[in-house]
Amino acid sequence: MSLSNLVTLTHSYEASLDKKLVLKAIMDIVTSNEAADTHQDLAQVADSDAQALIDAFQHIIQDIPLVEVLMKTRILDAMTRLAPKCAVPSALLIEVDEIDPGIFYQAPSVDVYKGEKAGRLLCLKAYRAHERFTSANVIEMTCREATIMFNLHHPNILHFEGLCKQDIEFPPGGTKLYLASLFYEHGTVCEYLKANPDAERLPLLRDVLHGVEYLHDNLIAHGDIKGDNILIKPSGRACIADFGLARVLSNLDPAPGSTVLTGTLEWQAPEILEAQLNDNTILPTAASDIYTGHPPFANLWKALDHTVRGWKVMEEVALHDQRPAKPLDSDDAFQRFGLTNQIWNLAEACWAREVGLRPSATQLLGSPPFN
């Protein structure tokens with residue numbers, strides 16, 4: 001069935017007397033074995049059709065019980081392909097009572113603000129365009145991240161409040177998009193452990209593994225797991241945040257022309273670093289600095305300028321098969337922070353060059369000391 005038939009079905013949804021029957025017909029098209037062409041064609045739909053489509057897809061996920069993981073993944077893949085159209089499920093749009101104009105935190109492509117809604121303090125993340133990251137990239141990244149996060153529900157995944165749109169004066173008629181989540185005073189796991197150096201680290205690592213297990217069970221690759229993307233809740237539990245580089249592993253080809261970035265180099269898998277050295281594009285696959293208090297390859301962080309540090313890490317890992325150095329037995333990592341040879345051996349297993357040799361999050365959770 002062609003894309004035009006899919007669009008026609010979608011527009012018939014609201015007026016239909018049997019909405020579930022319409023949703024089932026839409027689901028059959030999007031999740032069939034012949035769905036690849038339909039998914040690729042979604043880039044060509046009109047903006048008005050894109051919104052109707054993504055709302056119908058969201059209804060399938062929410063209203064049809066017991067949708068199999070692979071089918072749900074195909075639907076979520078279709079939804080993320082509508083991100084360049086600035087399409088997100090209508091149900092995730094929210095309004096906030098107040099946005100502090102001062103930037104709370106800034107990264108190369110992101111500004112983070114504080115906001116408030118119904119007396120709750122919010123963290124508002126907004127992508128920022130620059131020379132190598134256009135306004136179109138901002139729209140696509142924001143809408144894709146919002147759509148993915150809206151469909152993740154787990155205690156070790158950051159709860160997503162919704163997407164807030166704010167009119168701005170420049171450019172005229174422009175809109176700023178904010179990804180909203182609760183603001184956690186403890187901050188990242190790195191900030192938390194710096195302020196609470198004697199906090200037990202093993203439960204935090206176990207929390208992260210449970211979050212990763214949930215993502216991989218639902219065929220989502222985060223793409224940038226690191227200490228700065230792990231937040232600490234008021235309860236002291238850890239949750240995974242920042243899904244800007246997350247990908248739906250639907251086994252379909254990526255959308256043509258889609259924004260494909262990789263995460264922070266020092267934390268990336270060897271095959272991703274090797275691809276970047278060869279100037280290839282590679283998607284993250286489903287394949288800790290919390291014990292040492294330092295990032296991977298800390299010796300390079302101290303010795304090299306930040307402009308060349310990432311390239312040196314790529315060379316060390318991809319070309320020379322190097323891995324982070326094990327702390328000395330006399331270091332705080334072992335003596336104070338709870339690192340053991342057992343935990344280090346598991347970390348080294350996760351750094352195996354061969355993807356198939358790396359343990360899954362489920363396997364790690366079933367191994368001492370996590371089980």
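Student: Why is F104 called partly exposed?

Tutor: The relative accessible area of F104 is 47%. Buried means under 20%, exposed over 50% and partly exposed in between, with a 1.4 Å probe and protein chains only. The value for F104 falls in the middle class, so F104 counts as partly exposed. Please note that this is a predicted model, in which local features need pLDDT of at least 70 and side-chain atom pairs pLDDT 80 or more, while totals for chains, interfaces and linings use all residues. Residues are numbered from 1 along each chain as its sequence is written, and side-chain values use heavy atoms, without hydrogens and water.

Student: What makes F183 buried?

Tutor: F183 has a relative accessible area of 13%. That is under the 20% limit, so F183 is buried.

Student: How many aromatic pairs does a search of the whole structure find?

Tutor: The search finds four. F104 and F183 form one of them.

Student: What makes the pair of F104 and F183 edge-to-face?

Tutor: Rings of Phe, Tyr and Trp (its six-membered ring) pair if their centres lie within 6.5 Å; planes under 30 degrees apart are stacked, over 60 edge-to-face, and the rest tilted. F104 and F183 are 5.2 Å apart, centre to centre, with 80° between the planes.

Student: How do the rings of Y113 and Y178 lie to each other?

Tutor: Their centres are 5.7 Å apart and their planes stand at 80°, so this pair is also edge-to-face. Y113 in strand β4 (residues 110-117) and Y178 in strand β7 are 65 residues apart, and their pair links distant parts of the chain. Both Y113 and Y178 are buried.

Student: How do you know whether F57 is buried or exposed?

Tutor: F57 has 0% relative accessibility, so F57 counts as buried. F57 sits in helix α4 (residues 47-63). Not counting residues up to four places away in sequence, F57 touches L6, I26, V30, I75, A78, M79 and L82; contact here means heavy atoms within 4.5 Å. M79 is 22 residues from F57 along the chain, and their C-alpha atoms are separated by 6.9 Å.

Student: Which residues does T147 contact?

Tutor: Apart from its neighbours within four places in sequence, T147 is in contact with I54, L76, M79, A87, V88, P89 and L92. T147 belongs to helix α6 (residues 135-150), and with 0% relative accessibility T147 counts as buried.

Student: Which residues line the largest cavity?

Tutor: They are V69, K72, T73, L76, N151, L152, Y214, N218 and I220. On a 1 Å grid over the protein atoms alone, a cavity is a set of points where a 1.4 Å probe fits but cannot get out, and lining residues have an atom within 4 Å of a point. The volume of the largest cavity is about 70 Å³, and helix α5 (residues 69-80) gives the largest share of its lining, four residues.

Student: What is the peptide bond from P368 to P369?

Tutor: That bond is cis, with omega near 10°. P369 lies in the segment after α15 (361-365).

Methods
Helices (H or I, at least four residues) and strands (E, at least two) are DSSP runs, numbered from the N terminus. On a 1 Å grid over the protein atoms alone, a cavity is a set of points where a 1.4 Å probe fits but cannot get out, and a pocket is an open set with protein on both sides within 12 Å along at least five of seven lines; lining residues have an atom within 4 Å of a point. Grid points are joined across faces, edges and corners, and a volume is the space filled by probe spheres set on the points.
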